[in-house]
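Dear colleague,

Please find the structure and its sequence below. My notes on it follow.

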Amino acid sequence: MKDLGKKESAPISRRQLVATGLAVGSAALLPASNANAMTKVSKAAVHFTETAANGHHCGACNNFMAPSSCRFVDGAVSNECSCWIWSGKVG
């Protein structure tokens, strides 16, 4: 039986989750014409990795722009990479 009084550790802090959510959420509110003028975040800020976990790779993300860029992450991005702001494509 699970101990309900025991807290499980979270893989990310609340501060990191809120900061990332605010950055991504704010960007989503911008008109499409201003999206290209937006300042992108560093790979370190979104815990960018060269390998994907659980099938969450950049090539299957709504934010990936072929052949090698992302709407929110600065620098070249391979379709096999992954990060915390991954958002799966629908359909």
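**The largest cavity**

The largest cavity holds about 80 Å³ of space, a volume being the space filled by probe spheres set on grid points joined across faces, edges and corners. A cavity here is a set of points, on a 1 Å grid over the protein atoms alone, where a 1.4 Å probe fits but cannot get out, and lining residues have an atom within 4 Å of a point. Searching the whole structure gives one cavity of 30 Å³ or more. Its lining is formed by F48, C58, C61, N63, F64, C70, V73, V77, C83, I85 and W86. Ten of these residues are nonpolar, one is polar and none is charged (nonpolar: Ala, Val, Leu, Ile, Met, Phe, Trp, Tyr, Cys and Pro; charged: Asp, Glu, Lys and Arg; polar: the others, Gly among them).

This is a predicted model: local features need pLDDT of at least 70, side-chain atom pairs count only at pLDDT 80 or more, and totals for chains, interfaces and linings use all residues. Residues are numbered from 1 along each chain as its sequence is written, and side-chain values use heavy atoms, leaving out hydrogens and water.

**The chain and A45**

A45 sits in the loop between α1 (14–29) and β1 (64–65).

Yours sincerely

Key. 1 Å grid on protein atoms, 1.4 Å probe; cavity = no way out; pocket = protein on both sides within 12 Å on 5 of 7 lines; lining within 4 Å. Helix = DSSP H or I, 4+ residues; strand = E, 2+ residues; numbered from the N terminus.
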